Amino acid sequence: MYRFFVPEENVREQEIRITGDDVNHIKNVLRMKAGEKVVVSCGQGMDYYCIIEDIQERVIVLRVRETEPAVTELPARIVLFQALPKLDKMELVIQKAIELGAAEVVPVRTRRCVVKLDAKKEEKKLARWRAIAESAAKQSGRGFIPEVHSVMDFRDALEYAGQLDVIMIPYELCGTAAESGETIREAAGQQSIGIFIGPEGGFERSEIELASDHGAVPVSLGKRILRTETAGLAVLSVLMFLIEWRNGRGMLPG
Ligand code: SAH
């Protein structure tokens, strides 16, 4: 079933109105007709199962059939802190992180980031990243559109992460994945989890030390060096699986 996000004020008890770009999309791209089913979310964790009632010039009117808590959300808030990668890689990271269940993505400026974004460029990028977040949320059936934050400096990002139950910082020069497995397993038992991924050139040791001072735990992702765009997705995949397991069985594996 196709999913659409609407602002909260478009939702009345029995009727929802779709406005904006989605109207054209529904009419002319999907060519949907009255009587077809859609699911709507206004980002508050509820899913509205609706029937298209009326297709007008600028508004699609839906009748609400059932309202249920969004079933697709992980019961944990995962925040991915991704150091600015080169080229368009952030777009890929955002799209995949949202498919895998991340609640927020924070682009982070670190020492070895090569990309320099001035205010104007950053604004343009952010608009694009947020559009990608919205379409990934729709495609993967998320209950809300995960937030893509403005770019933060590493130190500010660590401070923001201070509110989370656990912070992990994958670092290729620390221990082994076998040792880190337990850290990741325990993280999956928490309500909120932050993951810091370095840029192509990695983190500097001083950054790892600063992160540790802020409570972040360095983890290894195995003996191979993963590209920056792979590393976050690898952690997210494992966390998503463990959290779903915990959710289904009431406990973590092992
Ligand atoms: N410049 C480094 C690699 C950086 S990889 C080098 O060539 O040696 C980019 C980021 O991905 C790293 O900062 C880290 O956060 C993560 N990463 C990649 N491979 C990893 C691994 N095996 N263990 C832990 N983190 C890893």
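Mentor: Helix 1 (residues 21-29) lies across strand 1, strand 2, strand 4 (46-55) and strand 5 (60-69), and runs at about 160° to strand 1. Helices (H or I, at least four residues) and strands (E, at least two) are DSSP runs numbered from the N terminus; contact means heavy atoms within 4.5 Å. Axes are lines fitted to C-alpha atoms, for helices over the stretch in contact, and angles run from 0 to 180 degrees between N-to-C directions. The model is predicted: local features need pLDDT of at least 70, side-chain atom pairs count only at pLDDT 80 or more, and totals for chains, interfaces and linings use all residues. Residues are numbered from 1 along each chain as its sequence is written, and side-chain values use heavy atoms, with hydrogens and water left out.

The sheet itself is open, with five strands in the order 1-3-4-5-2 and mixed pairing, where two strands pair if DSSP finds at least two bridges between them. Its edges are strand 1 (3-5) and strand 2 (15-18), each pairing on one side only. On average, neighbouring strands are turned by 40° against each other, direction ignored.

From strand 1, the pairing with strand 3 (residues 37-41) is parallel, over three bridges, and Phe4 has Val40 of strand 3 as its bridge partner. Val40 also stands opposite Tyr48 in strand 4. Strands 3 and 4 pair in the antiparallel sense over five bridges; they form a hairpin with four residues between them, and Gly43 in the turn has a positive phi of about 80°.

Strand 4 pairs with strand 5 in the antiparallel sense over nine bridges, with Met46 opposite Pro69. A hairpin of four residues joins these two strands.
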